[in-house]
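Work through the exercises below with the sequence and the model side by side. Try each task before reading its solution.

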Amino acid sequence: MLTFTEEILLLMLDDDGLFLPIRGGAVEHIMVGAVLMDLAFANRIDTDPEKLQVIDATPTGNALVDGALDRIANAGETMNTKAWVELLAREQAADIRQRAMDSLIERGILEAKDEKFLWVFHSRRYPTIDGRVERGVKLRMEDVLLSDDMPDPRDVAMVCLVDACDILGDIFSEREMERVRPRIEQLRVMDLIGREVSSVIAEIEESITMAMAQVAH
């Protein structure tokens, strides 16, 4: 089974293996949110509106998430989920993203391709080798959002994380998005981590808007 971090990274790539524009440019916060979800579902952390705490500091054996677990367990202070998302985004997000990418390449799901433009400018793409994995993730999103059945908690968390990225429009048509939006709003209240990630990104967007307005004046 892929981690949340690996699954969300797959969904961030377009058909050419290039990264989609992520809401607020907040890839780092999305990566951290995914890791926190991985830790929560591994019964290593527990969250509520007031705090995020470690309930089992035993390493999972997956280096992709254990760095964050160790950081939280040895922090010496209690913080809420939002504060941890912001802190880990600064400290560990780049490493988390690279580890997730390396894992997908090692699994034979993606490959890395370096290209040159005008023999000078370099670009790296990550085209899919095994498209079944990505299709499977997207089908789960469709099953959750296009039905009224009680969803699996893991799928709820994934929907909330994808919604925080604002990339559901790359999975569903405009007409489908109109249909599933009430369902998304219904599911968002069920996942604290996803809500906090969305909150952080919204604040980033607001800060950017305010800064641009000041420059314009």
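**Exercise 1. Describe how helix 2 and helix 3 pack, and which residues form their contact.**

Solution. Begin with the geometry: helix 2 (residues 27-41) packs on helix 3 (residues 63-73) at an angle of about 80°, and their axes are 9 Å apart. Here helices (H or I, at least four residues) and strands (E, at least two) are DSSP runs numbered from the N terminus, while axes are lines fitted to C-alpha atoms, for helices over the stretch in contact, with angles running from 0 to 180 degrees between N-to-C directions. The two helices, helix 2 and helix 3, are therefore roughly perpendicular, on a scale where angles under 35 degrees count as roughly parallel, over 145 as roughly antiparallel, 65 to 115 as roughly perpendicular and the rest as oblique. Next, find the residues in contact (heavy atoms within 4.5 Å): helix 2 supplies Val35, Leu36, Asp38 and Leu39, and helix 3 supplies Leu64, Val65, Ala68, Leu69 and Ile72. Finally, sort the residues of this contact by class, which gives eight nonpolar, no polar and one charged; Ala, Val, Leu, Ile, Met, Phe, Trp, Tyr, Cys and Pro count as nonpolar, Asp, Glu, Lys and Arg as charged, and the others, Gly among them, as polar.

Before going on, note that this is a predicted model, in which local features need pLDDT of at least 70 and side-chain atom pairs count only at pLDDT 80 or more, whereas totals for chains, interfaces and linings use all residues. Residues are numbered from 1 along each chain as its sequence is written, and side-chain values use heavy atoms, with hydrogens and water left out.

**Exercise 2. Work out how helix 1 is covered, and how helix 1 meets helix 7 and helix 6.**

Solution. First consider burial, where buried means under 20% relative accessible area, exposed over 50%, and partly exposed in between (1.4 Å probe, protein chains only). Helix 1 is mostly covered, as eight of its eight residues are buried, and these buried residues pack against helix 2, helix 3, helix 5 (93-106), helix 6 (131-145) and helix 7.

Second, take helix 7: the axes of helix 1 (residues 4-11) and helix 7 (residues 153-165) cross at roughly 45° and come within 11 Å, which makes helix 1 oblique to helix 7. On the side of helix 1 the meeting residues are Phe4, Glu7, Ile8 and Leu11, and on the side of helix 7 they are Arg154, Ala157, Met158, Leu161, Val162 and Cys165. This contact of helix 1 with helix 7 has eight nonpolar, no polar and two charged residues.

Third, take helix 6, which packs with helix 1 at an angle of about 95°, their axes being 10 Å apart, so that helix 1 and helix 6 are roughly perpendicular. Glu7, Leu10 and Leu11 of helix 1 make the contact with Val133, Glu134, Val137, Lys138 and Arg140 of helix 6; by class, the contact of helix 1 with helix 6 divides into four nonpolar, no polar and four charged residues.
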